[in-house]
Amino acid sequence: MDNSEIFSKLATIPPVFVRLDGRAFHGLTRKYGFAKPFDDRFCEAMVGVSVALVAESGLAPIFAYTFSDEISLYFNDLPFSGRVEKIDSVASSYAASALTLALEGNEPLAFDSRIVQTTPESAIVYMTGRQDEAWRNHLNAYCQQALITEGMDGTMAAKQLKGVPAKDLHEMMHVRGVNLAKTPAWQRRGVLVHKKEVQKEGYNPITNKNVTVTRSMIMTDRDLPLFSTPQGQLFLKNLICGL
Ligand code: DGT
Ligand code: MG
Ligand code: MG
């Protein structure tokens with residue numbers, strides 16, 4: 001190995017999150033003409049990328065949590081002996097090509113990638129925080145779109161909404177006839193892709209007997225609980241600690 005590859009041995013230990021985020025996706029969403037504030041096709045493409053990362057990439061995260069243009073992957077075991085450069089580059093390039101294919105795109109796109117060092121306990125806090133961010137993003141996206149529809153330019157609308165408390169954003173849409181507590185759950189709370197062990201009945205032709213086999217299935221949950229509630233915390237505990 002060339003001695004000047006100074007970061008190649010930088011390694012981490014699990015558990016970690018790897019968070020991928022679309023690079024300059026404001027431009028990409030414009031180019032594809034995605035619906036505002038939320039586009040079903042874009043969300044489904046991001047869910048498809050999350051499924052591919054969990055099930056087919058060979059990276060083997062335990063689950064993926066996605067909203068907007070980001071995906072958080074949770075790892076209990078790390079590929080590439082935990083080497084940071086390898087994990088970040090392979091995860092982000094895999095996601096970029098999977099999304100290009102899902103969108104039937106003909107131009108390159110990119111994700112950035114970062115590693116978030118965690119513990120099972122702080123993983124619960126992290127997931128609660130990302131879902132909070134999904135909620136804030138959802139409030140902001142609806143309000144921003146409302147102001148733009150009413151004639152304000154995007155920069156001005158963003159400026160006007162900066163620092164406005166959540167309850168005022170809620171009220172702002174309420175007077176416009178939109179109840180932000182009733183929008184689709186995937187927009188407010190994000191989507192989870194995870195593996196689940198299921199028991200299946202099978203038949204063994206060699207022994208001529210029925211057998212029960214354990215299979216790992218990929219589940220996509222678009223109706224998640226609110227992670228900050230006791231029910232949500234238990235849900236996360238089960239997911240992260242298998243309790
Ligand atoms: P970055 O991450 O700093 O390179 O820059 P961006 O532009 O990717 O910014 P970010 O990640 O903070 O925001 C995500 C962008 O993706 C934001 O411009 C809104 C857009 N986006 C996400 N989901 C949707 C959607 O469903 N519909 C539309 N029209 N845009 C969306
Ligand atoms: Mg982005
Ligand atoms: Mg983002």
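**Notebook: the magnesium site and ligand 1**

I started with the magnesium ion (ligand 2): its protein donors are Asp 21 (OD), Gly 22 (O) and Asp 69 (OD), lying 2.1 Å from it. Donors here are N, O and S atoms within 2.8 Å of the metal (3.2 Å for Na, K and Ca), and water is not among the atoms, so sites may look incomplete.

A note on the source: this is a predicted model, where local features need pLDDT of at least 70, side-chain atom pairs count only at pLDDT 80 or more, and totals for chains, interfaces and linings use all residues. Residues are numbered from 1 along each chain as its sequence is written, chains are lettered from A and ligands numbered from 1 in the order in which they are written, and side-chain values use heavy atoms, with hydrogens and water left out.

Next I looked up the neighbouring ion: the magnesium ion (ligand 3) is 3.5 Å from the magnesium ion (ligand 2), and Asp 21 coordinates both. Gly 22 lies in strand β1 (residues 16–22) and Asp 69 in the loop between β2 (63–67) and β3 (70–75), so the pair ties together parts that are 47 residues apart in sequence. Strands are DSSP runs (E, at least two residues), numbered from the N terminus.

Then, ligand 1. I found a polar side-chain atom of His 26 at 2.5 Å from one of its oxygen atoms, and a backbone N or O atom of Gly 22 at 3.0 Å from an oxygen atom of ligand 1. The protein covers 67% of the 630 Å² of accessible area that ligand 1 has on its own (Shrake-Rupley method, 1.4 Å probe).

Definitions and conventions:
Helices (H or I, at least four residues) and strands (E, at least two) are DSSP runs, numbered from the N terminus. A polar contact is a pair of N or O atoms within 3.5 Å; within protein, one must be able to donate a hydrogen and the other to accept it, and residues adjacent in sequence count only if both atoms are side-chain atoms.
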